[in-house]
Amino acid sequence: MCRPPQKCLYALLWLALPAMAGNGSADHPASYQVSPSEVRLTFFATKGDRTSVPVIAGGDFAVVDNGEILRTFRSFAPAEPTPLNIVILVDASGSVANYLRRTLTALGQELSRRETPSGDSVAVITFAGLQTNVVCVEDCGAAIARLGTLRAAGPTPLYDAVAFGAELAARRSRRNSRSVLILLSDGDDTFSKISQDEAVGSVIASGALLYSLALGKSSGAALRSMAEATGGRYFSGHETIDFVLKAALEDGRASYVVTYSLPTRATGFHSIRILPTHNPELQFHCRQGYYYDPRPR
């Protein structure tokens, strides 16, 4: 199920007017502040934490908006297929020294053998200390193979790197594409100028989903909270890079869009959850909420 306040993916707002602002707040950075007449919510479901569920019916779920349970919607349909704009962030700091080489090897092999579907794009970034480097944009398998001598060293600017990746994703985003950040790290930030909330807010503002894969013996707390706040997914170190890439692709193909009238005109933050109505094994992934502001902008 979609657990508050994090387990809520990709809540965008469908507006009577075309304007949309990506301004969150310090309390709820992973949300939009807009004046909607209708809420448009994009989500996907998984069975447990692993397998995407490709077919969902309107009666399989209910939306909880600010505590009000909604079972009747204006519309409900599969999301239109869109190309992926993938940005992969690789932690190269000293704390992952025991895992960097095998991580780069696995990533290079996966990108070399995986055929990128038409319209999809891939970029790879490494980060450590003061260095955040764009390794490649397209043809990433060959570029990563040249990183065999890269040594893990320095502190970890995790949150700064996430914000950098979100900015790159936003710059490379095209009309009718979906941006995905894939973060490979132990999740221990030691050097960032910005906070975790600010990093999450930058991902939300870019329109991207964050998928995180823990390296080493990480507790995964920061990686999980960031991923789930943006509507993405967290994977422990027991999973592989190819599994995470496959999950991101499958989740996109299994996404749905539901619209409903704003249930309350209360100014401020509206929390969102999606709950299963029949099958308790279903977990629904959506962003955690939005802001309603009736004042003219």
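Analyst: A crossing of two helices is right-handed if the near helix is turned clockwise from the far one by less than a right angle, and left-handed if the turn is anticlockwise. The model to be read here is a predicted one.

User: Is the crossing of α4 and α5 right-handed or left-handed?

Analyst: In general, the angle between the axes and the distance between the axes describe two packed helices. Here, the axes of α4 and α5 cross at roughly 35 degrees and come within 9 Å. The crossing of α4 and α5 is right-handed. On the α4 side, the contact is made by Q196, V200, V203 and I204, and on the α5 side by A222, S225, M226, A229 and T230. By class, the contact of α4 with α5 comprises six nonpolar, three polar and no charged residues.

User: How many residues of helix α5 are buried?

Analyst: A residue counts as buried when its relative accessible area is under 20%. Helix α5 spans residues 221-230, and eight of its 10 residues are buried, so α5 is largely enclosed by the rest of the structure. The buried residues are A222, L223, S225, M226, A227, E228, A229 and T230.

User: At what angle do the axes of helix α3 and helix α4 cross?

Analyst: Helix α3 (residues 158-172) and helix α4 (residues 196-206) have axes that cross at roughly 10 degrees and come within 8 Å. An angle under 35 degrees counts as roughly parallel, and therefore α3 is roughly parallel to α4. The α3 residues Y159, V162, A163, A166 and A170 meet Q196, A199, S202, V203 and S206 in α4.

User: Why do residues three or four places apart in an α-helix point the same way?

Analyst: The reason is that an α-helix has 3.6 residues a turn. In this structure, the α3 residues that meet α4 include Y159, V162 and A166.

User: How many aromatic pairs does a search of the whole structure find?

Analyst: The search finds 11 aromatic pairs. One of them joins F61 and F76, a tilted pair with 5.2 Å from centre to centre and 55 degrees between the planes. The two residues lie 15 residues apart, F61 in strand β5 (residues 61-65) and F76 in strand β7 (residues 75-78), and the pair thus links distant parts of the chain. F61 is buried, at a relative accessible area of 1%, whereas F76 is partly exposed, at 26%. Another pair, F235 with F243, is edge-to-face, with 80 degrees between the planes and 5.8 Å from centre to centre. F235 is buried, with a relative accessible area of 3%.

User: Which residues do ring pairs link into a cluster?

Analyst: The cluster consists of F43, F61, F73, F76, Y256 and F284.

User: Is G108 buried or exposed?

Analyst: G108 counts as buried because its relative accessibility is 9%. G108 lies in helix α1, residues 100-113. When neighbours within four places in sequence are left aside, G108 is in contact with G141 and I144. The C-alpha atoms of G108 and C140 are 7.3 Å apart, although the two residues are separated by 32 residues along the chain.

Note on methods
Residues are numbered from 1 along each chain as its sequence is written. This is a predicted model: local features need pLDDT of at least 70, side-chain atom pairs count only at pLDDT 80 or more; totals for chains, interfaces and linings use all residues. Side-chain values use heavy atoms; hydrogens and water are left out. Helices (H or I, at least four residues) and strands (E, at least two) are DSSP runs, numbered from the N terminus. Buried means under 20% relative accessible area, exposed over 50%, partly exposed in between (1.4 Å probe, protein chains only). Contact means heavy atoms within 4.5 Å. Rings of Phe, Tyr and Trp (its six-membered ring) pair if their centres lie within 6.5 Å; planes under 30 degrees apart count as stacked, over 60 as edge-to-face and the rest as tilted. Axes are lines fitted to C-alpha atoms, for helices over the stretch in contact, and angles run from 0 to 180 degrees between N-to-C directions. Angles under 35 degrees count as roughly parallel, over 145 as roughly antiparallel, 65 to 115 as roughly perpendicular and the rest as oblique. Ala, Val, Leu, Ile, Met, Phe, Trp, Tyr, Cys and Pro count as nonpolar, Asp, Glu, Lys and Arg as charged, and the others, Gly among them, as polar.
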